Amino acid sequence: MLIAKGKIDGWLYVKLINYLLIRCDVLTFKLPNFNHLTLSDEAKKYFPQYKLKGDFQEINNKEFFEYKENISNTLEQFEPFYLKEYIDFKYFDTIQGYDAEIKIVKIDESLDFILTAISGLYDWVYPEKPEDLCFFSKGKCFLKSIAHEKTCFIYTDDEWEKKMLRKLGLKFIDYNELYREERPSLSYTLKY
């Protein structure tokens with residue numbers, strides 16, 4: 001696993017996105033609904049203290065719908081490429097104390113325009129945009145971002161690929177020797 005160092009914006013961000021659009025076949029992002037948690041049996045295991053109150057959902061839905069309205073242009077641009085959408089309190093290997101709409105998007109070269117209209121990887125953050133872009137190839141996560149923490153993980157131990165990432169201008173710390181994090185995976189079917 002590699003952890004990116006420094007900002008990923010400007011020309012570096014554009015080059016990285018172009019590489020990811022060739023390297024990967026699916027991207028994901030989430031729309032956080034910070035004040036809402038569906039109390040499924042699984043969620044109750046993680047959050048036994050949570051109990052819903054009568055007006056809790058109504059207040060939260062207004063805030064969430066305002067957020068979705070704010071980013072509606074971005075969402076509409078991705079819409080033709082959605083493979084799947086679902087709501088969960090988990091976003092791959094991260095357990096959150098709130099629900100999020102998770103969008104799975106088939107990668108297409110026309111996404112370049114949408115993705116590079118933003119100035120950097122860490123600009124994909126609430127309340128201006130969907131959050132936490134992740135890029136997958138054949139069901140395995142290649143790049144995972146946590147935008148509000150300005151963190152980016154790249155899952156590769158391939159020396160050629162590391163060399164390519166360095167040529168793009170990406171600086172990173174190589175944790176493959178020291179730390180083995182479980183690589184997030186995703187099940188999807190691509191139709192051509």
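## Helix H1 and what covers it

Helix H5 (111-115), strand E5 (131-137), strand E6 (140-146) and helix H6 (159-168) are among the elements that cover the buried residues of H1. Those buried residues are Leu12, Tyr13, Leu16, Ile17, Tyr19, Leu20 and Leu21. Keep in mind that this is a predicted model.

Now for the strands. Eight of them make an open sheet in the order E3-E4-E2-E5-E6-E7-E1-E8, with antiparallel pairing. Strand E3 (82-91) and strand E8 (171-174) are the edges, each pairing on one side only. From one strand to the next, the twist averages 25°.

At the E8 end, strand E1 (residues 2-5) runs antiparallel to E8 and is joined to it by four bridges. Lys5 has Lys171 in E8 as its bridge partner. As for the helices, H1 packs on the sheet, where it touches E5 and E6, and its direction makes about 150° with that of E6. H6 lies across E1, E6, strand E7 (151-154) and E8, and runs at about 150° to E8.

## Salt bridges

The count comes to 10 salt bridges. One of them pairs the side chains of Glu131 and Lys30 at 4.0 Å, N to O. It links distant parts of the chain, with Glu131 in strand E5 and Lys30 in strand E2 (residues 26-33), 101 residues apart. Glu131 counts as buried because its relative accessibility is 3%, under the 20% cut-off. Lys30 also counts as buried, at 3%.

Another joins Asp93 to Lys144, whose closest N and O atoms are 2.9 Å apart. Asp93 sits in the loop between E3 and strand E4 (94-106) and Lys144 in strand E6, so this pair ties together parts 51 residues apart in sequence. Asp93 is partly exposed at 36% relative accessible area, while Lys144 is buried at 6%.

Then there's Lys162 with Asp174, at 2.5 Å, N to O. Lys162 is in helix H6 and Asp174 in strand E8, so the pair ties together parts 12 residues apart in sequence. Lys162 is buried at 1%, whereas Asp174 is partly exposed at 27%.

## A look at Asn73

Asn73 is part of helix H4 (residues 72-78). This residue is exposed, with a relative accessible area of 58%. Its C-alpha atom is 9.9 Å from that of Lys129, which is 56 residues away along the chain.

Definitions and conventions
Residues numbered from 1 in each chain as written. Predicted model: local features only at pLDDT ≥ 70, side-chain atom pairs only at ≥ 80, totals over all residues. Heavy atoms only, no water. Buried < 20%, exposed > 50% of the residue type's maximum accessible area, 1.4 Å probe, protein only. Helix = DSSP H or I, 4+ residues; strand = E, 2+ residues; numbered from the N terminus. Contact = heavy atoms within 4.5 Å. Pairing = 2+ DSSP bridges. Axes fitted to C-alpha atoms, helices over the stretch in contact; angles between N-to-C directions.
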